[in-house]
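Reader: I would like to learn how to read the side-chain features of a model like this one. Could we go through them one at a time, with the general idea before the case?

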Amino acid sequence: ELIMQGVNLKCLNEQCEEQKIQKIIYWVKKSNCDGIAESTIRLLYENDFIKDIVGLYLLDVHWFDGKDVKGFGYKKITNLLKQIRKSSTCTIVQFIDRLGIESVGLKAIKKLEIKSIKDFMNFTKTDYVIGQKIVEWKSDINNMKLFTTLCNLLEIKETKQGDSNM
């Protein structure tokens with residue numbers, strides 16, 4: 001079922017393949033993975049190399065062995081894996097921004113003074129829409145499973161007071 005959200009149609013089905021693909025695309029764009037285009041993500045998804053964001057970090061050059069995927073030569077695969085590995089280190093602010101929580105961007109996270117995983121987990125302020133969106137996102141068990149799994153796969157650095165490299 002689709003709903004209107006502003007000027008956009010939105011699918012509410014969390015199992016919708018397009019919604020899963022769009023989440024991966026959003027993550028990759030926010031992670032500044034050079035050379036990983038939407039078409040590449042779609043090919044990876046359609047050929048069962050990845051099915052979610054976590055799948056990106058589980059990719060290995062051996063997954064491609066013996067599989068003939070159009071456009072995926074050794075050089076493209078190694079560049080893809082290099083970009084994914086590069087994105088595995090980030091600040092907590094970048095990490096939360098990549099999650100795609102509605103209305104929650106870099107400036108909002110900084111303003112809310114979320115500087116660690118603990119700060120994010122303990123965040124409960126619902127005075128403003130942004131806070132409500134974070135609390136709502138965290139109340140979804142699937143979101144928290146994703147969060148926990150990514151926390152274990154990535155190197156997430158805390159930010160310090162006045163840190164401008166967020």
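Author: Let us begin with burial, for which a residue is called buried when its relative accessible area is under 20%, exposed when that area is over 50%, and partly exposed in between. The model is a predicted one, and in it both tryptophan 137 and phenylalanine 147 are buried.

Reader: How many aromatic pairs does a search of the whole structure find?

Author: The search finds six aromatic pairs. To classify a pair one looks at the angle between the ring planes, where under 30 degrees counts as stacked, over 60 as edge-to-face and the rest as tilted. The rings of phenylalanine 95 and phenylalanine 147 have centres 5.3 Å apart and planes at 45°, so this pair is tilted. Because phenylalanine 95 belongs to helix H5 (residues 92–98) and phenylalanine 147 to helix H9 (residues 141–153), the pair ties together parts that are 52 residues apart in sequence. Phenylalanine 95 counts as buried at 0% relative accessibility, and phenylalanine 147 is buried with a relative accessible area of 2%.

Reader: At what angle are the ring planes of tryptophan 137 and phenylalanine 147?

Author: Their planes stand at 75° with the ring centres 6.5 Å apart, so the pair is edge-to-face. This pair links distant parts of the chain, since tryptophan 137 is in helix H8 (residues 129–138) and phenylalanine 147 is in helix H9, 10 residues apart. Taking the rings together, one aromatic cluster is formed by Trp27, Tyr57, Phe95, Phe120, Trp137 and Phe147.

Reader: Which charged end sits over the ring of phenylalanine 120?

Author: That is the charged end of lysine 138, 5.5 Å from the ring centre. In another case, lysine 51 lies over the face of tyrosine 45, at 3.7 Å from the centre of the ring.

Reader: How should I read a helix, and which residues of H1 are buried?

Author: An α-helix has 3.6 residues a turn, so residues three or four places apart point the same way. In H1, the buried residues are Gln19, Ile21, Ile24, Ile25, Trp27 and Val28, and they pack against strand E2 (8–11), helix H2 (38–46), helix H3 (53–58), H5 and H9. Helix H1 (residues 17–30) has 14 residues and reaches 20 Å from its first C-alpha to its last, which is close to the 20 Å expected at 1.5 Å a residue. After H1 comes asparagine 32, with a positive phi near 55°.

Reader: Where does isoleucine 36 lie, and is this residue buried or exposed?

Author: Isoleucine 36 lies in the loop between H1 and H2, and with a relative accessible area of 10% this residue is buried. Leaving aside neighbours within four places in sequence, isoleucine 36 is in contact with Val28, Ile41, Leu80, Gln83 and Ile84. Isoleucine 36 and isoleucine 25 are 11 residues apart in sequence, and their C-alpha atoms are 9.0 Å apart in space.

Reader: With which side chain does threonine 40 make a polar contact?

Author: The partner is the side chain of lysine 76, at 3.4 Å. Threonine 40 has its place in helix H2 and counts as buried at 4% relative accessibility. Apart from neighbours within four places in sequence, threonine 40 is in contact with Phe72, Lys76 and Leu80.

Reader: Finally, how many salt bridges are there?

Author: A salt bridge requires a side-chain nitrogen of Lys or Arg within 4 Å of a carboxyl oxygen of Asp or Glu, and by this rule the count comes to six. One of them joins the side chains of aspartate 34 and lysine 86 (4.0 Å, N to O). Because aspartate 34 lies in the loop between H1 and H2 and lysine 86 in helix H4 (residues 74–86), this pair ties together parts that are 52 residues apart in sequence. Aspartate 34 counts as exposed at 54% relative accessibility, whereas lysine 86 is partly exposed at 47%.

Reader: What partner does lysine 51 meet in a salt bridge?

Author: Lysine 51 meets aspartate 48, at 3.0 Å from N to O. Lysine 51 counts as partly exposed at 34% relative accessibility, and aspartate 48 is exposed with a relative accessible area of 54%. Another salt bridge joins the side chains of lysine 133 and glutamate 102 (3.6 Å, N to O). Salt bridges that share partners also join Glu18, Glu38 and Arg42 into one network.

Terms used
Residues are numbered from 1 along each chain as its sequence is written. This is a predicted model: local features need pLDDT of at least 70, side-chain atom pairs count only at pLDDT 80 or more; totals for chains, interfaces and linings use all residues. Side-chain values use heavy atoms; hydrogens and water are left out. Helices (H or I, at least four residues) and strands (E, at least two) are DSSP runs, numbered from the N terminus. Buried means under 20% relative accessible area, exposed over 50%, partly exposed in between (1.4 Å probe, protein chains only). A charge sits over a ring if NZ of Lys or CZ of Arg is within 6 Å of the ring centre and within 35 degrees of the ring normal. The expected span of a helix is 1.5 Å times one less than its number of residues. Contact means heavy atoms within 4.5 Å. A polar contact is a pair of N or O atoms within 3.5 Å; within protein, one must be able to donate a hydrogen and the other to accept it, and residues adjacent in sequence count only if both atoms are side-chain atoms.
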